[in-house]
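Take a moment to look over the sequence and the 3D structure below. We will walk through them together, one part at a time.

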Amino acid sequence: MAQGPALAFGTINWLGQHAEHEHITRWGLADAGFGPATLDVLAGKTGTFGAVGAPDRPDRGLLDVKAAHCDGGDHLDRPGYPQSEAEARARLQDCRAWIFANLDRAAKDAGGLAKAAPASADLDCALDGQRRGSAKCLVLEDLGLALHATQDFYAHTNWVDRPAPGPITVENPPGLGHEGSAPWLDPTLDAPFPAGLISGCYDGFPETRYCGAGGPNPRVQHRNLNKDEGVIDERAGVIHAGETPRGRVEGNFQRAVAAAVADTKSKWAFFEARVRQTYGPARAAEVLCLIRADRPSAC
């Protein structure tokens with residue numbers, strides 16, 4: 001399957017991307033107490049994808065895994081649409097399950113961290129899906145997978161969207177227009193599936209060759225819904241205008257980024273709580289320190 005260079009909030013600083021995943025992650029975790037070197041591994045930095053950007057690495061094997069990017073949940077309420085509402089919902093439920101499973105795995109892998117074994121907190125992380133490296137590397141990789149999909153949920157679905165003026169079509173799908181993070185993505189809540197929630201079909205690049213484009217029964221595509229590109233200045237707290245067609249409409253990019261930042265912060269808080277619940281106050285404090293600190297000796 002042909003793959004394109006941009007499946008998500010950007011992870012690089014070219015091809016129209018502005019390292020959006022990195023900036024969202026740094027903004028969301030600004031008050032979490034991460035050391036700069038550890039945050040570089042988790043969020044990425046110039047010249048690297050980081051754990052959060054790893055699903056967009058061409059060699060990572062996740063570019064066509066729809067759950068990793070919250071893709072494939074497309075549907076329109078019209079006769080003969082190629083994917084049923086139930087099928088679309090199942091694809092989005094796969095993404096939710098992916099996020100929750102990787103948060104759970106991060107908490108489990110956190111058990112491998114101990115002050116008695118400084119190598120368990122080593123920062124030489126491959127992040128290549130082979131589960132190589134220290135226990136800390138495994139935790140950061142797990143968190144990266146969960147955060148990437150969480151952030152893509154807001155870039156790729158219509159949760160925050162307002163459609164452009166005019167009729168609702170596959171090129172101008174409906175939007176839900178919400179502000180802030182989705183309760184449905186909160187692991188602590190049993191929220192119902194949001195009525196009308198969809199994401200875009202992505203089966204390859206160029207998108208004009210896939211998902212029925214140009215045919216008699218086209219689908220809502222990733223290119224019709226994504227809010228992947230735009231400049232984010234997390235230090236100044238400024239989200240600039242979106243640069244994709246959907247992102248430029250009525251502040252859609254800004255709302256997507258704001259929601260992704262808030263949910264990134266929420267997911268870290270959930271992970272911290274899960275570690276405390278799993279390992280008890282004393283050991284959890286040590287484990288969380290080792291995850292955040294650049295040097296084990298600081299813990």
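Predicted model: local features only at pLDDT ≥ 70, side-chain atom pairs only at ≥ 80, totals over all residues.

Residues are numbered from 1 along each chain as its sequence is written, and side-chain values use heavy atoms, with hydrogens and water left out.

Let's begin with helix H7, which covers residues 252-292. Helices here are DSSP runs (H or I, at least four residues), numbered from the N terminus. H7 has 41 residues, yet its end C-alpha atoms are only 32 Å apart, short of the 60 Å that a straight helix would reach. That expected span is 1.5 Å times one less than the number of residues. Where does H7 bend by about 125 degrees? Look at Gly-280, and you will find a proline, Pro-281, following within four residues. The bend is the angle between axes fitted to the seven residues ending at a residue and the seven starting there.

Now turn to helix H2, residues 36-43. Its buried residues are Thr-38, Leu-39, Val-41, Leu-42 and Ala-43. Buried means under 20% relative accessible area, exposed means over 50%, and partly exposed is in between (1.4 Å probe, protein chains only). These buried residues of H2 pack against helix H1 (20-28), helix H3 (50-53), H5 and H7. Contact here means heavy atoms within 4.5 Å. Just after H2, Gly-44 takes a positive phi of about 90 degrees.

Next comes the nonpolar core. A nonpolar core is a set of buried Ala, Val, Leu, Ile, Met, Phe, Trp, Tyr and Cys residues joined through side-chain atoms within 4.5 Å. Of the 59 residues in the largest one, Phe-153, Tyr-154, Trp-268, Phe-271 and Ile-291 touch the most other members. H2, H3, H4, H5 and H7 each supply at least two residues of this core. Which helix gives the most to this core? The answer is H7, with 16 residues. To see some of this packing up close, find Phe-271: its contacts include Leu-103, Ala-106, Val-139, Leu-288 and Ile-291.

Charged side chains come next. Side chains of opposite charge can pair when their charged atoms come close. The structure holds 18 salt bridges, each a side-chain nitrogen of Lys or Arg within 4 Å of a carboxyl oxygen of Asp or Glu. In one of them, the side chains of Arg-219 and Asp-74 meet at 2.8 Å, N to O. Arg-219 lies in the loop between H5 and H6 and Asp-74 in the loop between H3 and helix H4 (85-109), so the pair ties together parts that are 145 residues apart in sequence. Arg-219 is buried, at 18% relative accessible area, and Asp-74 is buried too, at 0%.

Another salt bridge joins Asp-104 and Arg-274, whose closest N and O atoms are 2.6 Å apart. This pair links helix H4 with helix H7, across 170 residues. Asp-104 is partly exposed, at 36% relative accessibility, and Arg-274 is partly exposed as well, at 24%.

Finally, explore the loop between helix H5 (135-156) and helix H6 (222-225), where Gly-200 lies. Is Gly-200 buried or exposed? Gly-200 is buried, with a relative accessible area of 1%. Among the residues that Gly-200 touches are Asp-71, Gly-72, Gly-73, Asp-74 and His-156. Pro-206 sits in this loop as well, and the peptide bond from Phe-205 to Pro-206 is cis, with omega near 0 degrees. Cys-211 is also found in the loop between H5 and H6. Although Cys-211 is not a glycine, it has a positive phi of about 60 degrees, and at 7% relative accessibility it counts as buried. For one last stop, go to the segment before H1, the place of Ala-19. Ala-19 is not a glycine, yet it has a positive phi of about 50 degrees, and Ala-19 is buried, with a relative accessible area of 2%.

Definitions and conventions:
Lists of a residue's contacts leave out its neighbours within four places in sequence.
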